[in-house]
Amino acid sequence: MTNQIDYVLGDVLPEPGTAIEVADGVRWVRMPLPFALNHVNLFLIDDGDGWVLVDCGLGDTVTQELWTRVLENHLDGRPITQIIVTHYHPDHMGGCSWLLERTPAQLWMTRSEWLSARAIRLDDTEELLDGIVAFYKRAGLGDGDVADMRKLGNSYRRMVGPIPLTFNRLAPDTVLEIGGRRWVVVIASGHSPEHACLYCPEAELMIGGDFLLPRISPNISVWWNEPDGNPLQDYLRFLDSLDPIADDTLILPSHDRPYRGVKPRAVDLSEHHDKRLDLAAQVCAVPSTAIDVMNAMFQRKMDAHQVRFAVGESLAHLNLLIDQGRVIRHLGDDGAWRYVAA
Ligand SMILES: [Zn+2]
């Protein structure tokens, strides 16, 4: 298990509003988040005259105030010249437009992540709320909870600043030269549509975004826009594809602390999902909704925000079980899917 993980800096964390060196030419900034997961890690790569920033934090005033301190005091007077956003989620993208206004930087993202950010940030339609309601009814959520989902609405708009009109595209074959070293863009799906990790083979460094977290497993969810999607399969394929990554690679993750031990961690994460798949299949020994499966997978009290992630996770496991031929589903008289062992 995780005892094969080596946290290279031990318990050391950057103080709020500071940046500390975590590897040769790479600094680490940690920003607070107002969730159960209470922080996000951002990284700055030394590029000579300036810095390449990877991820931005939220778009709230707390983050802006801390960024002001980092920009003034912790970058040796050199500007941020490029901003890379690994994926469109609020804790990575939220502060992007604010930073772009205060630096000479350009934005780099994959195309699907930029499109996702732009689409969800602009969507304040009733149609979206109706779609959210329909999705959670199909999952088997009760009327009161479905009403809460409608009320929660498009929470993305509240956490993320305007999405820039233009971006530079990160593609699967993109190699970025930063500070005289080559960083290979590794694109994978599962946690988000086209998430970018950055791998520098010569320095044995990988900025892993939300894909290779050392302790918690990244959220792998089905969302309302792609109800029959199979993101867990995408994610498990990514975990299987890490062979070319050097064993000693230092992983710089978006949450928790930098670590070595990516191969055993990938095995851990795969096994975690295998167990969850078996648990979901067991629940489906009798016809069950996604909510029944969720209640077996997450045995704790959750707020509406957490329920969204938990429903998504249970559907991700169910959709993979369907693909594997282990489970079938039919629509119940109440309008919710029932899943049962095939
Ligand atoms: Zn994320």
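Analyst: Happy to; here come a few labels, each with the rule behind it.

Analyst: This is a predicted model, where local features need pLDDT of at least 70, side-chain atom pairs count only at pLDDT 80 or more, and totals for chains, interfaces and linings use all residues. Residues are numbered from 1 along each chain as its sequence is written.

User: Why is Trp-183 called buried?

Analyst: A residue is buried if 20 or more other C-beta atoms lie within 10 Å of its own, exposed if 12 or fewer, and partly exposed in between, with C-beta atoms placed from the backbone. Trp-183 has 25 C-beta neighbours inside 10 Å, so it counts as buried.

User: Where is Trp-183 found, and what is it in contact with?

Analyst: Trp-183 is found in strand β10, residues 181-188. Strands (E, at least two residues) and helices (H or I, at least four) are DSSP runs, numbered from the N terminus. Contact means that two C-beta atoms, placed from the backbone, lie within 7 Å. Leaving aside neighbours within four places in sequence, Trp-183 is in contact with Val-175, Leu-176, Ile-178, Leu-198, Tyr-199 and Cys-200.

User: How do you know that β9 pairs with β10?

Analyst: Two strands pair if DSSP finds at least two bridges between them. Here 4 bridges join β9 to β10, and the two run antiparallel. Glu-177, for instance, stands opposite Arg-182 in β10.

User: What makes β1 and β9 edge strands?

Analyst: Their sheet is open, with 7 strands in the order β1-β14-β13-β12-β11-β10-β9 and mixed pairing. β1 (6-7) and β9 (175-178) each have a single partner strand, so one side of each is left without a neighbour in the sheet.

User: Which strands stand at the edges in the sheet that runs from β2 to β8?

Analyst: This open sheet also has mixed pairing, and its 7 strands follow the order β2-β3-β4-β5-β6-β7-β8. β2 and β8 (168-169) stand at the edges, because each has a single partner strand.

User: What makes up the hairpin of β2 and β3?

Analyst: Strand β2 (residues 20-23) and strand β3 (residues 26-32) run antiparallel and are joined by 3 bridges. There are 2 residues between them, and Gly-25 in the turn has a positive phi of about 80 degrees. Ala-23 stands opposite Val-26 in β3, while Glu-21 stands opposite Arg-27.

User: Why is α10 called roughly perpendicular to α11?

Analyst: The axes of α10 (residues 290-297) and α11 (residues 304-323) come within 9 Å and cross at roughly 105 degrees. Axes are lines fitted to C-alpha atoms, for helices over the stretch in contact, and angles run from 0 to 180 degrees between N-to-C directions. Under 35 degrees counts as roughly parallel, over 145 as roughly antiparallel, 65 to 115 as roughly perpendicular and the rest as oblique. That makes α10 roughly perpendicular to α11.

User: At what angle do α9 and α11 pack?

Analyst: Helix α9 (residues 262-283) packs against α11 at about 80 degrees, with the axes 10 Å apart. So α9 is roughly perpendicular to α11 as well. Among the contact residues are Arg-276 and Leu-277 of α9 and His-317 and Leu-318 of α11.

User: Which residues does Val-311 touch?

Analyst: Not counting residues up to four places away in sequence, Val-311 touches Tyr-136, Ala-139, Leu-141, Ala-290 and Met-294.
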